[in-house]
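Visitor: Could you walk me through one part of this structure up close? I'm new to this, so please take it a step at a time.

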Amino acid sequence: MNILILPGDGIGPEIVGQAVRILEKFQREGVPIRMESGVLGGAAYDQYGHPFPERTQQQARAAQAILLGCVGGPKYDTLPRALRPEQGLLAIRRDLGLFANLRPALLYPELASASSLKPEVVAGLDLMIIRELTGDIYFGQPRGRRVNAAGEEEGFDTMHYAVSEIERIARVGFETARKRSRRLTSVDKANVLDTSILWREVVTRVGRDYPDVELTHMYVDNAAMQLVRAPKQFDVIVTGNIFGDILSDEASMLAGSIGMLPSASLDANQKGMYEPIHGSAPDIAGQDRANPIATVLSLAMMMRYSFGRADLAERIERGVRQVLAQGLRTADITDPLHPNAIGTRAMGDALVDAI
Ligand code: IPM
Ligand code: MG
């Protein structure tokens, strides 16, 4: 297993550090793992003057899988857009063709009271958001700023999806639904956007190849509401880049904390980049307070999707359940019964032991 480790910025190095300890444990057991580390985002800007430098690009292309922490920080806010850490993240996704972003939202029963929703609304929640990751308004041209006909400055971006881009992500959606409860919800804004009208047509057409999967369509505003009203109605959601960005942050709150949600970004050949869905949390960086579980669960996804090692994935996932059952909590997932938080490193210790 050739794995590139990109700790990134903010809390990135701390949380990725815990996942690396698990990889080292597997290595000691004889799992053939080779790790190399690199820089992305602000850390890369500091070292090379660019958020996605050539060295990182070469390392990323050569690796079979990438474990990423998170990027960004206030220190970079004044840089021109092209040099900001987030651009490094978008560039690596695009360069590697990681179009399928899998964001599972699973509520561990122990965390039911950490969610901001009533326990009965979220108990048993297990949904998968599939977000298209290399298209949409994120990458559309033209974009920029200009002076309009009235002489006023305006900013503009372009939303677009080509049929082939919709088809391939729709297939990921249907295939994923097939392995779960055979229900797929496609989320769009087809009552307003031309891009979404095409999206809906194409998803419907692809659905003819999957008669065993029940397809429904939902407008994104309604989906945002339904996610907090009755989230268990969903099993697999497939949607475009920007809607998926927003809905997956919302879904993370159902799972108790954004510190719990992993993700996998895959190309057409199971090469993947694995990262927590949360940001770099500069306010708590370096304080041993961040929750490493989303990163550790991202490592489990890597073992399952890129290396076909469901056995190792399950060991990691069982380890996470075990430490939660032991009552161990980082600050973001404390509740009245478990008010005392442990630090990032102590959570890492417990996870390594449990695994
Ligand atoms: C995410 C993040 C990124 C995105 C940012 C940091 C560019 O919010 O992975 O969800 O918008 O895709
Ligand atoms: Mg986001």
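**A loop and its surroundings**

Guide: Let's start with Pro 142, which sits in the loop between S5 and S6. Keep in mind as we go that this is a predicted model.

Check its backbone angles and you'll find a positive phi of about 75°, even though Asp 136 is not a glycine. Is Asp 136 buried or exposed? Its relative accessible area is 2%, and buried means under 20%, so Asp 136 is buried.

Now go to Thr 134, another residue of this loop, which runs between strand S5 (126–132) and strand S6 (144–147). Thr 134 counts as buried too, because its relative accessibility is 5%. What does Thr 134 touch, once we skip residues up to four places away in sequence? The list is Arg 93, Arg 94, Gly 97, Leu 98, Phe 99, Phe 139, Glu 165, Arg 168 and Asn 241. Pick out Arg 168 from that list: its side chain makes a polar contact with the side chain of Thr 134, at 3.5 Å. Then pick out Asn 241: it is 107 residues from Thr 134 in sequence, yet their C-alpha atoms are 7.3 Å apart in space.

Let's compare notes with another threonine. Thr 195 belongs to helix H7 (residues 194–207). With a relative accessible area of 14%, Thr 195 is buried. Leaving out neighbours within four places in sequence, Thr 195 is in contact with Met 159, His 160 and Tyr 161. Zoom in on Met 159: its backbone oxygen lies 3.4 Å from a polar atom of the Thr 195 side chain.

There's another positive phi to find, this time at Arg 182, where the angle is near 60° in a residue other than glycine. Arg 182 is placed in the loop between helix H6 (163–179) and strand S8 (183–188). As for accessibility, Arg 182 is at 39%, so it counts as partly exposed.

Next, zoom out to some helices. Two packed helices are described by the angle between their axes and the distance between the axes. Take helix H1 (residues 12–28) and helix H10 (residues 293–305): their axes come within 8 Å and cross at roughly 45°. That angle makes H1 oblique to H10. The crossing of H1 and H10 is right-handed. On the H1 side, the contact is made by Ile 15, Val 16, Ala 19, Ile 22 and Leu 23, and on the H10 side by Thr 295, Val 296, Leu 299 and Met 303. Sort the residues of this contact by class and you get eight nonpolar, one polar and no charged.

Finish with helix H11 (residues 310–325) and helix H12 (residues 344–354), whose axes come within 8 Å and cross at roughly 125°. That makes H11 oblique to H12. H11 passes H12 in a right-handed crossing. The residues making the contact are Gly 319, Val 320, Gln 322 and Val 323 from H11, with Met 347, Ala 350, Leu 351 and Ala 354 from H12. By class, the contact of H11 with H12 comes to six nonpolar, two polar and no charged residues.

Conventions:
Residues are numbered from 1 along each chain as its sequence is written. Chains are lettered from A and ligands numbered from 1 in the order in which they are written. This is a predicted model: local features need pLDDT of at least 70, side-chain atom pairs count only at pLDDT 80 or more; totals for chains, interfaces and linings use all residues. Side-chain values use heavy atoms; hydrogens and water are left out. Axes are lines fitted to C-alpha atoms, for helices over the stretch in contact, and angles run from 0 to 180 degrees between N-to-C directions. Helices (H or I, at least four residues) and strands (E, at least two) are DSSP runs, numbered from the N terminus. Angles under 35 degrees count as roughly parallel, over 145 as roughly antiparallel, 65 to 115 as roughly perpendicular and the rest as oblique. A crossing is left-handed if the near helix is turned anticlockwise from the far one by less than a right angle, and right-handed if clockwise. Contact means heavy atoms within 4.5 Å. Ala, Val, Leu, Ile, Met, Phe, Trp, Tyr, Cys and Pro count as nonpolar, Asp, Glu, Lys and Arg as charged, and the others, Gly among them, as polar. Buried means under 20% relative accessible area, exposed over 50%, partly exposed in between (1.4 Å probe, protein chains only). A polar contact is a pair of N or O atoms within 3.5 Å; within protein, one must be able to donate a hydrogen and the other to accept it, and residues adjacent in sequence count only if both atoms are side-chain atoms.
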